Amino acid sequence: MFFTGIGTATPPRRYTKAECWSAFRESDWFARLDRRSHALAEAVLLRDNGISTRSLALDSLAEVFAIDPDTLHRRFATHAPALGTEAAVAAMRDAGIGAQDIDAVVVSTCTGYLCPGLTSYIAERLGLRANVQAFDLVGQGCVAALPNLRLADALLAAGAGQHVLSVCVEVSSAAMYLDNDPGVLVSACLFGDGAGAAVLSARPANGKRRVEWRGGSSVLEPSQRDALRFEQRDGMLRNILTRPVPALAAEHARIVLEAELARAGLNIPDIVTWIMHAGGRDVLQALRERIGLSVEDLSYSATILDEYGNMSSAFVYFVLKSALEDNARQGWWWMSAFGAGFSCHGALLSVGAGE
């Protein structure tokens, strides 16, 4: 399987940490939360948390404090199809193919629910063929891009077509819940909205860098499910984010990496470019310490985190696009993400010069 096109999309409005803190101070929610929550939000939003700005599907930050089921669902139903379609169009343009060339579409999300799923809306907007194979993957959280890509690999290997469109879209602002729980507050300060897409093909694209999927590994540990997940409360999604997450992410990332490198007969120094999900600044630090990486190794992930925040499943598409645009060193690349489950997935990519 080859990556022949990459596309990303974010809402047009981007907000700084200072703007988010000011909006919180002026909202009705500030009086509803206790002093400890005020201090935590101030610390996260005004000190260095690895994030400078976030794109949110809001005309003003005041909208984010309208927290009720109908408002949040409308936000998801309005913006998820639009962002997913925008990213998909960019990926198909990058691949040099049209809508009629797409044989299957796989869409992942966790920040809202539609039935029929997002594939129906995105396929309609793109004008995909009526016989396109459509798959909706939900409930996988930040890790979802890798299972999405593994399904694309399976479809291509089975001869189900020549081109699979992979889309991950998250409207985190449609899943923002506030209360005095520290994890809830921290997650509200970290997540942003965005979509990433890739065209996966049975053959490499002519005249472009050759980016080949060479295999992946996964680990699932249900005993740690409560460390990171969504729950339903008052008809809305409430993010559960706990202190052990950075250490869990780093440990599972190491397990998956070592398993795949052993299978391929490689070692950590053989990886020249790292395409890693960044849950936050503390996660990046834990990854560096547990895997033995440098700040430079995770620079693409850190830059995307700084500019866009944690966009959940879409994040690694932004990192991959950034590395390709920067003409990062060819050779073995490692892509990995972790999330709800507790789960972690990784994939080995071989990146070379174009033919």
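Residues are numbered from 1 along each chain as its sequence is written, and side-chain values use heavy atoms, with hydrogens and water left out. Because the model is predicted, local features need pLDDT of at least 70 and side-chain atom pairs count only at pLDDT 80 or more, while totals for chains, interfaces and linings use all residues.

**Aromatic rings**

Rings of Phe, Tyr and Trp (its six-membered ring) are taken as a pair if their centres lie within 6.5 Å, and a pair is called stacked when the planes are under 30 degrees apart, edge-to-face when they are over 60, and tilted for the rest. By this rule the model holds 5 aromatic pairs. One of them joins Phe24 and Phe30 in an edge-to-face arrangement, with 5.2 Å from centre to centre and 70° between the planes. Phe24 also pairs with Phe65, and because the planes of these two rings stand at 25°, with centres 6.4 Å apart, the pair is stacked. This second pair links distant parts of the chain, since Phe24 belongs to helix 1 (residues 17–26) and Phe65 to the loop between strand 3 (53–55) and helix 4 (69–95), 41 residues apart. Helices (H or I, at least four residues) and strands (E, at least two) are DSSP runs, numbered from the N terminus.

A residue counts as buried under 20% relative accessible area, as exposed over 50%, and as partly exposed in between (1.4 Å probe, protein chains only). Phe24 is buried at 5%, Phe30 is buried at 18%, and Phe65 is buried at 16%. Ring pairs link Phe24, Phe30 and Phe65, together with Trp21, into a cluster.

**Strand 6**

Two strands pair if DSSP finds at least two bridges between them. Strand 6 runs parallel to strand 4 (residues 104–109), to which 5 bridges join it, and Val105 stands opposite Leu165. Strand 6 runs antiparallel to strand 7 (residues 194–201), with 8 bridges between them, and here Glu170 stands opposite Gly194.

**Two pockets**

On a 1 Å grid over the protein atoms alone, a pocket is an open set of points where a 1.4 Å probe fits, with protein on both sides within 12 Å along at least five of seven lines, and lining residues have an atom within 4 Å of a point. Grid points are joined across faces, edges and corners, and a volume is the space filled by probe spheres set on the points. For the classes, Ala, Val, Leu, Ile, Met, Phe, Trp, Tyr, Cys and Pro count as nonpolar, Asp, Glu, Lys and Arg as charged, and the others, Gly among them, as polar.

| Pocket | Volume | Lining by class |
|---|---|---|
| Largest pocket | about 750 Å³ | 14 nonpolar, 8 polar and 6 charged residues |
| Second largest pocket | about 400 Å³ | 13 nonpolar, 11 polar and 2 charged residues |

The largest pocket is lined by 28 residues, and Val186, Leu190, Leu241, Pro246 and Asp282 lie nearest its centre.
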